[in-house]
Amino acid sequence: MATVRLDVTTEAILKQLSARRGQTQSEVIRDAIARLADEEGEQPSAYQRLQPFMGIADSGGQQLSKDTGKRLRELLAEKRTRAGRPR
């Protein structure tokens, strides 16, 4: 989160753009920065592109990240058994 200080003229322009575009002032600023970055050839990182989607999935309380090593070993052992190659 960042704080931006604007002079009176720029703030008035921002308010006009926001109203005209039907966007929040933050959205107008984000769009402007994205356009500037695009003009400069800046590419957002994979993290930056995926950040809006992080934390929005729900596992339904399944605790999917718990004991992942153990669960992977069990899955691999089961796969080997099905392939006829017991350990």
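A salt bridge is counted here when a side-chain nitrogen of Lys or Arg lies within 4 Å of a carboxyl oxygen of Asp or Glu. The structure is a predicted model, in which local features need pLDDT of at least 70 and side-chain atom pairs count only at pLDDT 80 or more, while totals for chains, interfaces and linings use all residues. Residues are numbered from 1 along each chain as its sequence is written, and side-chain values use heavy atoms, with hydrogens and water left out.

**Exercise 1. Find the partner of R82 in a salt bridge, and describe where the two residues lie.**

Step 1. R82 pairs with E78, and their closest N and O atoms are 3.5 Å apart.

Step 2. Both residues belong to helix α4 (residues 68–82), and because they are four residues apart there, about one helical turn separates them. Helices are DSSP runs (H or I, at least four residues), numbered from the N terminus.

Step 3. R82 is exposed, with a relative accessible area of 64%, whereas E78 is partly exposed at 44%. In these terms, buried means under 20% relative accessible area, exposed over 50%, and partly exposed in between, with a 1.4 Å probe and protein chains only.

**Exercise 2. State how many salt bridges a search of the whole structure finds, and work through the pairs E11 with K15 and D31 with R21.**

Step 1. The search of the whole structure finds three salt bridges.

Step 2. In one of them the side chains of E11 and K15 meet, at 3.8 Å from N to O; these residues both lie in helix α1 (residues 8–21), four residues apart, or about one turn of the helix. E11 is partly exposed, at 33% relative accessibility, and K15 is also partly exposed, at 45%.

Step 3. D31 forms a salt bridge with R21, with 3.3 Å between the closest N and O atoms. Since D31 lies in helix α2 and R21 in helix α1, this pair ties together parts that are 10 residues apart in sequence. D31 is partly exposed, with a relative accessible area of 29%, and R21 is partly exposed, with 40%.

**Exercise 3. Describe the lining of the largest pocket, and say which element gives the largest share.**

Step 1. A pocket is defined on a 1 Å grid over the protein atoms alone, as an open set of points where a 1.4 Å probe fits, with protein on both sides within 12 Å along at least five of seven lines, and its lining residues have an atom within 4 Å of a point.

Step 2. The largest pocket has a volume of about 370 Å³, where volume is the space filled by probe spheres set on the points.

Step 3. Its lining includes M1, L14, I29 and E11, and α2 gives the largest share, five residues.

Step 4. By class, the lining divides into seven nonpolar, two polar and two charged residues. Ala, Val, Leu, Ile, Met, Phe, Trp, Tyr, Cys and Pro count as nonpolar, Asp, Glu, Lys and Arg as charged, and the others, Gly among them, as polar.

**Exercise 4. Locate Q43, and relate this residue to the second largest pocket.**

Step 1. Q43 lies in the loop between α2 (25–40) and α3 (46–50), and is exposed, with a relative accessible area of 61%.

Step 2. Q43 is one of the residues that line the second largest pocket, among them also P44, Q48 and R49.

Step 3. About 310 Å³ of space lies in this pocket, and α2 gives the most to its lining, with five residues.

Notes
Helices (H or I, at least four residues) and strands (E, at least two) are DSSP runs, numbered from the N terminus.
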